[in-house]
Each structure stands twice: as C-alpha cells, then as structure tokens.
Amino acid sequence: MNQPEIDNVPSAVRLSPLGWLRKNLFNTWYNSLLTIGCFWIFYQILRNFLSWAFTNAKWAVVQANFRLFLVGRYPVSQSWRIWIVFGILAIMAGLSWAAIAHKLPSKLNRWLPWIWVIVFAIICWLIGGGSGLTPVSTNLWNGLLLTIFTTIISIGLSFPLGILLALGRQSTLPVVRWFSILYIEIIRGLPLIGILFMAQVMLPLVLPSEIRLDRVLRAIAGLVLFSAAYMAENVRGGLQAVPRGQVEAARSLGFNTLLILLFIVLPQALRAVIPAIVGQFIGLFKDTSLLSLFALVELTGISRSILAQPQFLGRYAEVYLFVGLIYWVFCYSMSLASRGLEKELDVGKT
Amino acid sequence: MSNNQQPNNPKLNLWRDVRFWRFAGQFLAVLIAAIVVAILWGNLNRNLQQLGIQPGFGFLNSQAAFDIGETLISYAPSDTYSRALLVGLVNSLRVMVVGIILTTIVGITAGIARLSDNWLVRKLALVYVEIFRNTPLLLQLLFWYFAVFLTLPKVENPISVLGFIRLSQNGLELPGIQFSPEFSTLLIGITLYTGAFIAEIVRGGIQSVSRGQWEAAASLGLKPGLAMRLVIFPQALRVIIPPLTSQYLNLAKNSSLAVAIGYPDIYLVASTTFNQTGRAVEVMLLIMTIYLTISLIISLVMNLFNKSVQLKER
C-alpha cells in the first residue's frame, strides 16, 4: 500500500511558488497543455455550477424539509429520543475505535461486544417505543434515521452469519462446505435489487400466513441475506491469513477444535479483516438507497416524496445534490476512519 | 480431526471415533436443511393455492400486452412474455457490454492520472474518484436522469460537445447512432461509478510494480510513456485483473438499477411480468438464472484473460 510515490520530493527541498508551478504543472510541453486543458474544463464546470447554485437554484426545498431528510415523519414531540440515540451511537463508535486500537483497559475490551448488544436493544426501544415510551410505528422511521438503522442492524446481523458461512466454507465436511459455497456464490452472483425483490415478494410466500413481517423487516432480511455472503468472503480472507502454526500450537497445548476457533483463530482473523468490514459497511450504507425502490422512505426515498410536494416540483438538482452530500460526508469520513484504523492495526496488507 | 490413527481398534467407542462424528455432523446438516426446505415448500404451496396460482412456466407463451420503450429486436405488445423477456435481456447485455468497455477506458485513464506528475491532473482524478465512490449509484442515476437529461434543451437546439456529440432531451446523439435518455443515463451512471473503483485498482496495481522496473526501463532508454506501456502496465495487470473482474461483475449486476429510470432491462421487464401475472417464484427463478449465467460468463472470460497475463514460471 505504502509504496514510495514515483515523484517523491525529498522533504528538504523547498520550492518557490514559481518553481513549484514549473515543477508540478509545466515541466514538459505536453504537461503544460494538459494543465491548461484541465484547468479550462475545471473552470467551466465550476463557473457553471456556481452560477447555477447562486442564481437559479432554490435551496428553500432543503431548508423547508431539513427535518424530513434527517428523521422523516418521526413525531416532533418524540425527537429527543433520536438525539439520545445519536449520542449513544457516537459514544459507542468512539469506544469501539479505542478498543480496536488497543487504548482501553482489556477488561472493558472483553465486555464491549456485549455492551453493543445491550445498547442495541436500548436503541431499538428508544426508537420504537413501547413499555413506557410512546410507540412509533416503523413506517414513521424515515430519512437518514432509517438509512443508518437498517445499515447498522444489517451489518450486525450479517456478522455472525458471515462468520458461520466462512467457517463452513473452510470446513472439512464436504456437505457443509458445499452448502456454504453454494449460498455464497449464488448470492454474490445476484444483484441486490433481485434479493430485495425476493425478500419483499418471496418471504411472505414461504412463511406461514400467520406471520406477517412489515416492509422494513423484510428489507432488513434481504440486506442481511445479501451482506452475509460478502461478509463470509471477507472473514475467509482473515481466516486464511492466520498461520497454520497457530492452530498446531494450540492443539499441542490440548485445546479442542471449538476452543481453538474461539480463542486462537477468530480473534486474529477478525482483527485482520476490520478494514474490509468497514469497507463493507460503507458499501451497505450506499446500498440501502435501493430500499427506496421498494417503497421504503429512507434517505433516497424521502427525497422522492419531498420532490412530489407541489411547491418544490422539478427541484431535482438541489435535492439530489443535498442528499448526495449527506451520503458523501458519511462514506468519506468512514473511509478516512478505516484508513486510520488500517495504520493503527497495521493490517493493510492482508 | 487428525487423531484417527487407530481406526481398527474394535473396542473403540462409537462416540470416540472422529469418523462417526463427521458423518453425524453432515447428516444433521442435511437433515436440518431438508426440514427447513420442506417447511418453506409446504408454506409456499399453501400460500400459492390460496392465491390461486398454478406453478409452471406455461405463462411465458401467453400474450405480454405491455409495451417496451426501447427494443433492439422487433417487439409488439401482442408478442409473448418470453419475447418480452428476450428483449429485456438484449437491452441488458447491450448496456453491460458497452458499459464494461467504457468503464475500462475511464478507469484506466483516471487511475494513471492519479499517478501523473502533473499536480492538477492528479488532484482532479482524486476529486473524481472520491465523489463518485462515496455516493450511491442509484442517487447518481436519479441525478443524471432527472437533474441533467430531463433539463436539457429540446431536440431542436441540442447542446453540442466537441462538434459531434449532441445532447438533448431525446438523449445522446453520435453521428449515425442515437441513444435514448434512459440508455445514456444508465451508461453514464454505471461507467463513471465503476470507473472510480477501477481507477483505484489500477493505481494500486501500478504502485505495486517495484520502482526498479521504472529505473531499469529508463536505463534502457525508454521514455516514461513507453516504459508504462511496455514494462509497468503488463506487470501491473497481474495485480489488477482479479479485482477488475469483480468490478465488471458489479457493473453487470448494477445495470439492474435501470428500473429506477425506466430503461427496459431484463429486471424491469421481469418485474413488469410479475406485476401482471403474480408469478413470483417463476420470475425470481428467471432473474436468478439469467444473472448467475451472466456472472459466470464474465468470470470465465476474465479467468482466461487472467491466465494469459500471469507469470509463467518454468
């Protein structure tokens, strides 16, 4: 990853602005042409965009609907619950980061997964209500709230499933191995939209008619089925990175297979795939936009309903640019975090 | 699992024999899978009966009765569902093939630009990659379609780029060929989106070639352009092709997002078929078969290509 850049300048060399220009932009005749050409294109795009953004664009559509973008039709009187949830999530994200980077006391470290499970239950309770809080039905969870919720729950649920599939794929039992391979390869060969279609249409058909899953749950089921196959491939990469000697050493100490797996192989394997899992999280965050095609009102879906408001008809560019900015800020900051994590863990070369 | 050295000991208890456990484990796995499938199958049959649907592919021969906006092969609403699906498949293949070619060009260009010694080119490529990689493709498609193509001028006074590309509400027009706005949107969308990922793959591949290769090429008197073409890039290809294959697969799968902008690809035609006939199982099986076949073909072709560029040792 960290190969030396081809045009590395020794840090001692300090160039004057003019010298810098000559070195980096006009060192040869074709580079000069390229610079001028690129600058012209860049200038044209920027000028047109800015003149549009400050004259023709009507950003009122964003101002008026800011709340809808973030939490959708979640009741205003209950929005304090959402703020608590975001606070908890921020704290937990920070804690997990510190844990992964080994900056926490090991005792806390060990309990972190369980803390996550408890926190998750609390979050579900806070958002959904019930037992003391006003219940809020899932069709009112919209906008960015639904996007984040479905992403986190899907990654969380696909994680154990993915580990099982990855172990199954490595298993020496042929039947288990072939089941896993079949599942992983079929899911990875299908577009997500097909799997969501399956979850929306097929799931009600194969379940007994007494069980009726709501739209959000079916979508999450589809995302989990989809994500698990990719998670399995990521985890498999980690499993293959654990040297054989580790297993043999553990065996010679008298560990049985299950203990070896739990205490020797998986901790090392999962540590190696954390950056890949963050990458998958980013992918899934973007992929939840497909839920809008199945009448779910997450961030992309809510922008469609906002665009249907009569006073904002045709304001596509403003709405889509704003929504795109939200997605971009989340994805880009996560990818920065993942890069930092990679350095911290020094596992970039898995 | 390695201590099955004493298989011939007759006094060995059954539960101490690893072969027994291996058999039992697999048997259990099959049993559980069979039970789950049987339960789901039973539910499916019961639910289908309630809906009054007889499973089977016979419906493919009945009249489709819906129109398709864009067809490469002749089609009329009076044709059968299978013809409609074929039209959709051809439309899908068209966008996939053209998309893969274009995205390769865009991706390699941007990837090399990321390593250019020209500061402006490098930064512009970086901005392109970071913008397109970090926003959802669906949103990009909606943006291109609703915010760009539908706000273009009418066909009478198109915007002309470089003199021969004409853009208007009727789509993209090259000399001799006319692309509909839906096709153009989908093509631009998946090309730029996948291209951003390919750029990063190409950049990583080129950086993985050791610096000595550049120096050796230079000492042989090759100019940087030639060194890249003859020495560096062929070696980088070995690193590039496996992840490139998965990007091609993604592009093929992502072309199904055509449904969001109304380009009649196989998924859109199949889901229209489902809406009209209610045949979920059959339509789902069709979608699965078609996409798995396409994925398989892309993998096979790329594996062949991969073999031809790998190092041949001895």
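Predicted model: local features only at pLDDT ≥ 70, side-chain atom pairs only at ≥ 80, totals over all residues.

**Strands in chain B**
- Strand β4 (residues 177-179) of chain B pairs with β3(B) in the antiparallel sense, over 3 bridges.
- Within this pairing, B:Leu174 has B:Ile177 in β4(B) as its bridge partner.
- Strand β3 (residues 171-174) of chain B also runs antiparallel to strand β2 (residues 165-168) of chain B, and 3 bridges join them.
- β2(B) and β3(B) form a hairpin too, with 2 residues between them.
- Here B:Glu173 in β3(B) is the residue that B:Arg166 stands opposite.

**A helix pair in chain A**
- Helix α11 (residues 244-252) of chain A packs with helix α12 (residues 257-287) of chain A at an angle of about 145 degrees, and their axes are 10 Å apart.
- The crossing of α11(A) and α12(A) is right-handed.
- On the α11(A) side, the contact is made by A:Gln246, A:Val247, A:Ala250 and A:Arg251, which meet A:Thr257, A:Ile260, A:Ile264, A:Val265 and A:Gln268 in α12(A).
- Sorted by class, this contact of α11(A) with α12(A) has 5 nonpolar, 3 polar and 1 charged residues.

**Domains of chain A**
- Chain A is divided into domain 1 (17-56) and domain 2 (66-74 + 136-345).
- The C-alpha centres of domain 1 and domain 2 of chain A lie 40 Å apart.

Notes. Residues numbered from 1 in each chain as written. Chains lettered and ligands numbered in written order. Heavy atoms only, no water. Axes fitted to C-alpha atoms, helices over the stretch in contact; angles between N-to-C directions. Helix = DSSP H or I, 4+ residues; strand = E, 2+ residues; numbered from the N terminus. Left-handed = near helix turned anticlockwise from the far one by under 90°. Contact = heavy atoms within 4.5 Å. Nonpolar A, V, L, I, M, F, W, Y, C, P; charged D, E, K, R; others polar. Domains from an automatic or database assignment. Pairing = 2+ DSSP bridges.
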